[in-house]
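Please take me through a few features of this model, giving the general idea first and the particular case after it.

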Amino acid sequence: MPQVPQTLDASAVRAWSGLALEALGRAREEIDAINVYPVADGDTGTNLYLTVESAAAAVEAVFAAHAAMSVVGTAPGGPSSAGPVSDVPVSDGRPVSDGPVSHGPLIEPPTLADAVRAMAHGALIGARGNSGTILAQLLRGMAQVLAADTGTERTDGPGLRLALRHAADAARQAVAHPVEGTVLTVATAAADAASGAEGDCAVVARAAYEGARAALAATPGQLAVLERAGVVDAGGRGLVAVLGALVETFTGAAPAVGAIPVLASHARVQADTGECADGGPGTAPVEDESGPAFEVIYLLEADDTAVARLRDRLDGLGDSLVVVGGDGLWNVHVHVDDAGAAVEAGVEAGRPYRIRITHFGPADAHTTGSTVRPVRERAQRAVVAVVPGEGLARLYADAGATTVLARPGEPPASGELVDAVRRAHALEVVLLPNDAELRHTAAAAAEQARTEGVRVALIPTRSAVQGIAALAVHEPERRFDEDVVAMTSAAGATRYAEVEVAERQSWTMAGICQAGDVLGLIDGDVAVIGSDVTATAESVLNRMLSAGGEMVTLVLGDEAPATIADHLEARVRESYLAVDTVVYRGGHQGALLLIGVE
């Protein structure tokens, strides 16, 4: 049996996040199926999975950053050097030394504070749905305790007990109107059980898991909608999976899950009424009253005072209000009838972004107990594309694609791509990652979708302009293989470039750039370093067209100069008579300008 940690340190946090993601991956469909409160939309398992996927990715990024900095002999945040990491003489390219060779200072691994803060932040920015938002606050509550002493490398059983208690309390405080029989009840029971456990982290984690599991089994007796459906709370079931992963972290073995016991009276209710407990086709067992029509979620940059006012404002607009976060960054979740008013409230409080608005259909939440869920027929074929800005998202959507918005510095996780494939609801899907860095993420998403019976073709587009070229020749009426070949050919025939501003000094293929320099990248490599955006863009375009081309695509970012499009269009008309130009507005896309030449 592999060695397991006895205390909670950064490596244990890393293991826990990975195991929790695996556990939710296994339980996702089961949790989706029992999702009847507060909205019977069958997505709680998926939302929890995506939330933890974001948390796990953030933890991995911390470890990767420390590993990368160790290569150059510099701790994260410390001074950097462009020179060699040692002064060992070389002969024929090989070190010459009579003793051990030093490759720079040894780099300490991430601290416990680094890891738990990353896990909490990743969950916060990636939180999806009501239960995902609450789980993010649970992790933040734990981080507040575990990261209080930044010099501490690990914590023991008593420290874990305290973290679980603070997490449960913080989650309750984040919910405007806590309801018993939900994930809040399960979290409180886990903290209560852990409080009475004496021993190391394994003992405390086991006690929390067992307490949560017992509380979960009792949720139908606390919430009428669960009792009528004969199911336990979906969010609570997800938390039990996460706590089971914590047990596995410290013991090396996952606790036996088995069936969550539900009182016989609950099962009889289901049998007597004939209600469908699996969230699939059949009667949706939800409250006998109407409710808000929209779910609104956004990240918000605002101070504490403004957020307090926002809570009051949103509480008057709808229900299921959860506001989590702190230190200037918040995740806001609410169900409302007026989605615009909910977003406007966020604008008044600070800067909302990553806004997601979901309309509850007639088969979703707040419908009557007699409503029958219609089975939506699958489309034959769909295109799913990752896009870097709101403008491109609209362009792709107008062309019929299902989009995943990638914010600067926040690449989508594989679970988000899988979720988009499910939303496309098609038998065949063409996946356009539109970013070389998303190659493996997209491949993992495609493989997962295939296990769910969807035929997926991954076209390795490296830029949104290549995706535009592929989408332009997409014809859903022709054979799938022929369509994929045509789209792949169009993407491959499109050279791509982007113009951006350097954030720091760096070595590039075109020489050394300084922070603030304008960089022109062609096919992923820096080709031009300049000081003026328009001049650099013109130089890039000339280099690309020197090899020929028939069509130039320009995608302007929000911060691009107002006159750059007119200047480049005029340049193409004057010097390349047979070349057409098309211009799109990409919005907040990271790069100042994207260029495609077909």
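This is a predicted model: local features need pLDDT of at least 70, side-chain atom pairs count only at pLDDT 80 or more; totals for chains, interfaces and linings use all residues.

Q: What is the strand order in the open sheet of 4 strands?
A: Strands (E, at least two residues) and helices (H or I, at least four) are DSSP runs numbered from the N terminus, and two strands pair if DSSP finds at least two bridges between them. Here the order is β10-β9-β11-β12, with parallel pairing. The edges are β10 (402–405) and β12 (455–458); each has a single partner strand, so one side of each lacks a neighbour in the sheet. On average, neighbouring strands of this sheet are turned by 20 degrees against each other, direction ignored.

Q: How many bridges join β9 to β11?
A: Between β9 (residues 379–387) and β11 (residues 426–432), which run parallel, there are 6 bridges. V384 stands opposite L431 in β11.

Q: Which strands does helix α14 lie across?
A: Contact means heavy atoms within 4.5 Å; axes are lines fitted to C-alpha atoms, for helices over the stretch in contact, and angles run from 0 to 180 degrees between N-to-C directions. Helix α14 (residues 414–424) lies across β9, β10 and β11, at about 155 degrees to β10. Helix α15 (residues 439–451) also packs on the sheet, where it touches β11 and β12 and makes about 165 degrees with the direction of β12.

Q: Where is E53 found, and which side chain of opposite charge is nearest to it?
A: Buried means under 20% relative accessible area, exposed over 50%, partly exposed in between (1.4 Å probe, protein chains only). A salt bridge is a side-chain nitrogen of Lys or Arg within 4 Å of a carboxyl oxygen of Asp or Glu. Lys and Arg count as positive, Asp and Glu as negative; His and chain ends are not counted. E53 is in helix α2 (residues 44–71); E53 is buried without a salt bridge, and R128 is the nearest side chain of opposite charge, 7.7 Å away.

Q: Which residues does E53 touch?
A: Leaving out residues up to four places away in sequence, E53 touches L21, A413, S414, G415 and E416.

Q: What is the pairing in the sheet of 6 strands?
A: The pairing is mixed, in an open sheet ordered β17-β16-β13-β20-β18-β19.

Technical notes: Residues are numbered from 1 along each chain as its sequence is written. Side-chain values use heavy atoms; hydrogens and water are left out.
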